Amino acid sequence: MEILRNILSDKDKRGTLIEEFQEKVWNGAGYSTDERVNEILSELAYDLDFYEPKEEWRKEDSSYYGEERLRQEIHSALQKLEEYEV
């Protein structure tokens, strides 16, 4: 999915892209009519709520995560989508 790849590659627009992705997923606009695809994307949208780029803010709550886990979460979702759609 292009928007997920853009989230990974464009640090300057990352926050806006994450919000755009989450809004589409949560408001039912979605990216697919397939229930399993939407489930994978919904889980990712929820998990992205815990991404926090500022390290000092991540220290305030152990549920927040940074760059490395962001990449893992997105790559994992992309892999699930790829495996499912094969």
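Me: Let's start with Leu8: buried or exposed?
Reply: Leu8 is buried, with a relative accessible area of 9%. Buried means under 20% relative accessible area, exposed means over 50%, and partly exposed is in between, using a 1.4 Å probe and protein chains only. Bear in mind that this is a predicted model, where local features need pLDDT of at least 70, side-chain atom pairs count only at pLDDT 80 or more, and totals for chains, interfaces and linings use all residues. Residues are numbered from 1 along each chain as its sequence is written, and side-chain values use heavy atoms, with hydrogens and water left out.

Me: Okay, and which helix is Leu8 in?
Reply: Leu8 is found in helix H1, which covers residues 2-9. Helices here are DSSP runs of H or I with at least four residues, numbered from the N terminus.

Me: What does Leu8 touch, leaving aside its neighbours within four places in sequence?
Reply: Leu8 is in contact with Arg14, Arg71, Ile74 and His75. Contact means heavy atoms within 4.5 Å. Leu8 and His75 are 67 residues apart in sequence, but 9.3 Å apart in space, C-alpha to C-alpha.

Me: Which other residues of H1 are buried?
Reply: Along with Leu8, the buried residues of H1 are Ile3, Leu4 and Ile7. Seen down the axis of H1, the buried residues fall within an arc of 145 degrees, so they line one face of the helix. That arc is taken from the directions from the helix axis to the C-beta atoms.

Me: What's on the face turned away from that?
Reply: That face of H1 carries the exposed residues Glu2 and Ser9.

Me: And which helices does the buried side pack against?
Reply: The buried residues of H1 pack against H2, H3 and H5.

Me: Let's take H5, then. How do H1 and H5 cross?
Reply: Their axes come within 10 Å and cross at roughly 160 degrees. Axes are lines fitted to C-alpha atoms, for helices over the stretch in contact, and angles run from 0 to 180 degrees between N-to-C directions. H1 and H5 are therefore roughly antiparallel to each other. On the cut-offs, angles under 35 degrees count as roughly parallel, over 145 as roughly antiparallel, 65 to 115 as roughly perpendicular and the rest as oblique.

Me: Which residues meet there?
Reply: Leu4, Arg5, Ile7 and Leu8 from H1 meet Leu70, Arg71, Ile74, His75 and Leu78 from H5. By class, this contact has six nonpolar, one polar and two charged residues. Ala, Val, Leu, Ile, Met, Phe, Trp, Tyr, Cys and Pro count as nonpolar, Asp, Glu, Lys and Arg as charged, and the others, Gly among them, as polar.

Me: How do H3 and H5 cross?
Reply: The axes of H3 (residues 35-48) and H5 come within 10 Å and cross at roughly 180 degrees. H3 and H5 are therefore roughly antiparallel to each other. Their contact has 10 nonpolar, no polar and six charged residues.

Me: Changing topic: how are H2 and H3 arranged?
Reply: H2 covers residues 14-26, and its axis comes within 9 Å of the H3 axis, crossing at roughly 135 degrees. H2 and H3 are therefore oblique to each other. The residues of this contact divide into nine nonpolar, two polar and no charged.

Me: What about Leu41, buried or exposed?
Reply: Leu41 lies in H3 and is buried, with a relative accessible area of 0%. Leaving aside its neighbours within four places in sequence, Leu41 is in contact with Met1, Phe21, Val25, Tyr31 and Leu81.

Me: Last one: where does Ser62 sit?
Reply: Ser62 is in the loop between H4 (55-58) and H5. Ser62 is exposed, with a relative accessible area of 77%. Ser62 and Leu4 are 58 residues apart in sequence and 24 Å apart in space, C-alpha to C-alpha.

Technical notes: Helices (H or I, at least four residues) and strands (E, at least two) are DSSP runs, numbered from the N terminus.
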